[in-house]
Amino acid sequence: MCPKPKLYYFDGRGKMESIRWLLAAAGVEFEEEFLETRDQYEKLLQGGSLLFQQVPMVEMDGMRMVQTRAILSYIAAKYNLYGKDLKERALIDMYVGGTDDLMGLILMFPFLSAEDKEKQRALIVQKATSRYFPVYEKVLKDHGQDFLVGNNFSWADVHLLEAILMVEEKKSDVLSGFPQLQAFKARISSIPAIKKFLEPGSQRKPVPDDKFVETVRRVLCMYYDVKAN
């Protein structure tokens, strides 16, 4: 039996959360080692485990993988969540890339000042409702299928649901003008593996708090102010 994938990151969302989501969607159990001190991080660096001196890192199938997109692509391909051919894979890559752009606005949110958080919250909602959600609403409406690509559950669906829930944390009724996405959210959330991941006690991480921010700053020696766009 192959060992479970092992995830090296902080005890919080950040860039690792999408990896947790995708593994959970694939029904794959995983272990985690949380970075809490600078010494832990330095040990990984000195051991040569962090190819580009960054986390996330995932140990899986005899590899130590870094670079979030590479890790996600590998998991999606391994567990048949990456389409049936090159055309479907290209669509999945496009949709995931768009969703990533939206999620990038949210990932920096915990590190902002109180004033900048309010500006960023408004920007997140504005971008979601005017640029990103309309695309997925149209895709679902035009092809009339349950999923974004090829009427098969894929990485694109997992990524979009994660993003929807993140934006709803900033504005609970953000989907009020998007009936297709409301139905999509309900469908994907009811898939057994996803439903399990959304239940209390799973390895899904909560909204980042001050403790998470301080841990990241301490481990990465990141003691400068992050500015909103």
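Counted by class, the residues lining the largest pocket are 24 nonpolar, 8 polar and 10 charged. Here Ala, Val, Leu, Ile, Met, Phe, Trp, Tyr, Cys and Pro are nonpolar, Asp, Glu, Lys and Arg are charged, and the others, Gly among them, are polar. The model is predicted: local features need pLDDT of at least 70, side-chain atom pairs count only at pLDDT 80 or more, and totals for chains, interfaces and linings use all residues. Residues are numbered from 1 along each chain as its sequence is written, and side-chain values use heavy atoms, with hydrogens and water left out.

**Stop 1: the pocket**

The largest pocket holds about 960 Å³ of space. Select Tyr9, Gly14, Lys15, Val55 and Leu107, which are the closest to its centre among the 42 lining residues. Then colour helix H3 (68-78), helix H4 (86-107), H6 and helix H9 (210-220), the elements that give two or more residues to this lining. H4 gives the most, with 5 residues. Helices are DSSP runs (H or I, at least four residues), numbered from the N terminus.

A pocket is defined on a 1 Å grid over the protein atoms alone, as an open set of points with protein on both sides within 12 Å along at least five of seven lines; a cavity is a set of points where a 1.4 Å probe fits but cannot get out, and lining residues have an atom within 4 Å of a point. Points are joined across faces, edges and corners, and a volume is the space filled by probe spheres set on them.

**Stop 2: the two domains**

Colour domain 1 (6-79 + 198-220) and domain 2 (86-191) separately; the bounds come from an automatic or database domain assignment. Each domain supplies at least three residues to the lining of the largest pocket. Their centres, taken over C-alpha atoms, are 22 Å apart. Next, select the interface: 21 residues of domain 1 are in contact with 19 residues of domain 2 (heavy atoms within 4.5 Å).

Across this interface there are 3 salt bridges (a side-chain nitrogen of Lys or Arg within 4 Å of a carboxyl oxygen of Asp or Glu). Elsewhere on the tour, show Asp93 and Arg69, whose side chains form a salt bridge at 3.2 Å, N to O.

**Stop 3: the cavity**

The count gives 1 cavity of 30 Å³ or more. The largest cavity has a volume of about 40 Å³. Select Arg13, Glu17, Trp21, Glu162, Leu165, Met166 and Arg204 to see its lining. H6 gives the most to this lining, with 3 residues.
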